[in-house]
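These are my notebook entries on a structure that I looked up.

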Amino acid sequence: MRALRRLFSRLYCSVTRQRDEERLREELEGHLALQVAENVRAGMSREEARRQAVLEFGPIEAIKDGCRDEQTLPLMDDVQQDVRYTFRQLRKSPLFTATATLSLALGIGANAAVFTIVERTLLRSLPVRSPHELVYVTDERVLTQPSPRFSYPFYQFVRKNLVLDGVAAHAAVSLNVTVNGQTLRAAGELVSGNYFDVLGAKSVVGRPLSPDDDRISGADAVAIVSSSFWKRTFASDAAVVGRTVLVNGQTFAIVGVAANGFTGTDRGVPTDIWIPLAMQQAVGRNLLTDTRTNWLEMLGRLRAGQPREHAAEALTRDLQTRISELPSPSSARLMVLVPAGKGSSPLRGERQSALAVTVALTVLALVLACVNVACLVAVRSAGREREIAIRLAIGAARSRLERQLLTEALVLAALGGAAALLMAPWTARALLAAYSTGLAFDLTPGLRDLVFVVILSVLTGFAVAVVPILASRRVRVLQGSKTGGIRGSGAPRFATHDAIVALQIALALSMLISAALLVQSVRGFNSVDPGFRADNLVLASLDPASAGYQSNRIAGFWQTTLNRITTIPGVASVSLARTVPLAPGRQRQPWSNPASGETTEIDTNFVGPRYFQTLGIPVLSGRDFNEDDGINSRSVVIVNERLAQAFWPQQDPVGKGIRLPAAGNRTAEVVGVVRDVKYRDLRGEAGPMFYRAILQTGSSDAMVLHIRAATNPAAIVSAVRLAIQNIDGNVPLFQLTTLQEQLNSSFAETRHAALLAGTFGVLALLLSGIGVYGVTALAVSRRTRDIGIRMALGAQRRHIVRTIGTRALALVVAGVGLGLLGSFGFARVTGTLLFGVSPADAATFASMTAVLTLVSLVALSVPLRAATRIDAVVAIRHE
Amino acid sequence: MRRKKEVQQGTLALMVLKTLAVLGPQHGYGLAKRIEQISEDALSVNQGTLYPLLLRLENEGAIASDWGPSANNRRARFYRLTAVGRRQLQAETRSWQETTALIARFFDMTAEDSR
């Protein structure tokens, strides 16, 4: 209590800087005067009286200091002073400050960006009630495939369970939403009526969907929109409730706006609009009575305190006892509950390993940045040995000096951290763009991001401070103040900054080698032949079914569209397909092998006429699809080489019959064999593949137009848009891109890593050059006198060069050796991103070592040349 | 080194508080003289060390100070005990007495006691 009162009082004085110097002076003077008077009365002379008084009083300045300390917080004063001193020092060397800040800003910024993504995908909970109680309700299929789906009747069956506190179902669907006569593509979700109840998601305006909206099929055309969609499309108009919009051409009334930040459970794919499952027919073929199509994901809420495993067992038992309620005979399933509190994200699972590589790389980048700065600080502070020695000699406490050095490092880290914070939204966006197209996260910096950057900056500051503090401990008062003294030519002692420079060289080399390997991998990806021609190919997605086209009219729509686009000047060829090579999402169908009789799932694409011509895929035998492959003609398929070998070894498949998958006994005729195409991944071998003629399947799925431009793809985009507008304005064009972009995004992680490693590699190269220069120049300046004496005694220049150069060269050799070892470790980290180049590629190792050595030698030679020009007379008189 | 000084300072603070309690408001010189007198010069403390201590006690709220006239027609700072200081003095006196009593028992200890 007393201590607290004292602290406040001191804090008050310290902040107001009210120090009452005057009072102190007067009081002490008064005291002395009284003592002097008494001494005089005792018979002393006036002078003696004063002398005795002062002696008895004690060291007056120290006492005054004690009084001042009593009135202030000495630590706070010291810190203020240190910070001010640091800023003065930093202003004096702007180049050092800029380099150090940039280095730390890059290191901290890269980590902040990665943290932002990781936080959004892996750490942040959904903005719902008690997210830890939320589970995905799935079955044992979850062990082998991501997020298995269920049919609507099965959902109705599960929903009646007595174990969980509610089970909701949802399915994502792309919708055409027409607001004020404008049609846009929106990310929709069909949800059960209890979806908002089970999640505990609220609305900001109006009401959320309720079970009453989901009772009668087709009866309640109501919708909830997300708050960001509301802002974008309705300008946050509170009167939105009761307004109607067209969803796939059908009128829906908006009843509410979801709470700010709630965008469904799929992280990175924010939902714009929710409509009840009962309205499913408005967006596609009726699936509500279909027991065979699995399309729904189920979400459940555990009862409070219910362990997940127990609930899963209880649910399995519950369903088994009621299995007879299922409409079609169905075997019992083992139900599995998966935590859903953080939603699901495409950056998890498969992509998570790529994320891990990025995390490792960015952490290394920060370590490198710290070493960079430590190196700069060490070289700089080596020149300050004298200053430190003098300060120690005149009585500065070592702890005080060390605090000063720590302050300096912390200030640098704070500057770097601040710069990183400013860049954070952009760096995170760039990182996300490098990962995958089309993912959207809320990247506005949150409190967690801020806390992360602050903690990281402080840690960085401490890491950077270690080196100069250790270096300052070596300073001895006597040695330092004598200009480093006269040193013999024997082996100079090992210094901290030498080790740092060697470490710096090692890290720079490792980073350069990984960067070079990654750059070669990017080149490898670029040069790999995917089997098709990606240049000048525009992709545009169209979904006529969502604009109300029934399957009988869809083939006509596609035919018209293809005909119209062919006539556009600048269009060389056009076709369409369900899936795009190397893009996410592919389709597999069960085909039975006539050779072995086995049925296996094989990649199958549905493509339009002249598909192979448009993509530049050579037809090796037989023919391409054409307009005659329509709904009324014989079913035809085209296969690739690999499939031909697997199904008809040593035979020409053209003319052979093959049973169509999931179509009873219907067969199709193989009309062509085409070259293999890398559909999934540029790395591996192409897999076996079937192509089916889209116009004969009557499929109503969204399709991607593949348009080959004669010269410039950008030139035809607006004409294509206009043509489709003219055919039917209700069919929106979406995901306009090019095949080249699609191709590039398939190895975005490697490119991104190459950029990161390259930036830091070059920075590290420059900084290690500065480091080598610094230590050599320091060695020269310390031994100026020594060199002068030697030269006066007749030493030759090459001797001088040899003495100083050998040591610096030893540093470089040690650094390079360490760096080569480190590179193998680095290659292990980046290994999964490499392509077309060995992780231990000798040429890369050799060339990067050569570059680094060259830079080091140049950096070495400058101070060495200066050493040989030393004038003996001037040098001996040096200080 | 430091620890020893702190013990001294604590003792000195107790002396200051007791002197003020007995003699009423005093200025710094007066306090120093009284303490010297009572301790019969056995205490070799610089008079000046009193001042940081006085400031500390004032910051803690145990004493308060005002300007007043001194013997030689100068202004002097007069310190007086506050209610807080009085309580502090009582508490510290008690604990001091308890400590000395305890230590005294140990000093009186003879070999027979431990049998």
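In which sense do strand E13 and strand E14 of chain A pair, and over how many bridges? I noted first that this is a predicted model. I then found that E13(A), residues 588-592, and E14(A), residues 599-607, pair in the antiparallel sense over five bridges.

**Entry 1: the hairpin in chain A.** I looked for residues that face each other across this pair. A:Ser592 stands opposite A:Thr599 in E14(A). The hairpin of E13(A) and E14(A) has six residues between the strands. In this hairpin I recorded a positive phi near 85° for A:Gly597.

**Entry 2: chain A as a whole.** I looked up the totals for chain A and found 26 helices and 21 strands. Of its 879 residues, 42% are buried. I also checked the contacts in chain A between residues at least 6 apart in sequence, and 82% of them join residues at least 24 apart.

**Entry 3: the sheet in chain B.** I turned to chain B, where three strands form an open sheet in the order E1-E3-E2 with antiparallel pairing. Why is one side of E1(B) and of E2(B) left without a neighbour in the sheet? Strand E1 (26-27) and strand E2 (63-69) of chain B stand at the edges and have a single partner strand each, so one side of each has no neighbour there. For E1(B) and E3(B), I recorded antiparallel pairing over two bridges. B:His27 has B:Phe78 in E3(B) as its bridge partner.

**Entry 4: where the chains touch.** How many residues does each chain give to the contact? I found 20 residues from chain B and 23 residues from chain A. On the side of chain B that touches chain A, the elements that give two or more residues are helix H2 (28-38), helix H3 (50-60) and strand E3 (75-81). H3(B) gives the largest share of that side, six residues. By class, I listed six nonpolar, nine polar and five charged residues on the side of chain B that touches chain A.

Definitions and conventions. Residues numbered from 1 in each chain as written. Chains lettered and ligands numbered in written order. Predicted model: local features only at pLDDT ≥ 70, side-chain atom pairs only at ≥ 80, totals over all residues. Contact = placed C-beta atoms within 7 Å. Helix = DSSP H or I, 4+ residues; strand = E, 2+ residues; numbered from the N terminus. Nonpolar A, V, L, I, M, F, W, Y, C, P; charged D, E, K, R; others polar. Pairing = 2+ DSSP bridges. Buried ≥ 20, exposed ≤ 12 C-beta atoms within 10 Å, placed from the backbone.
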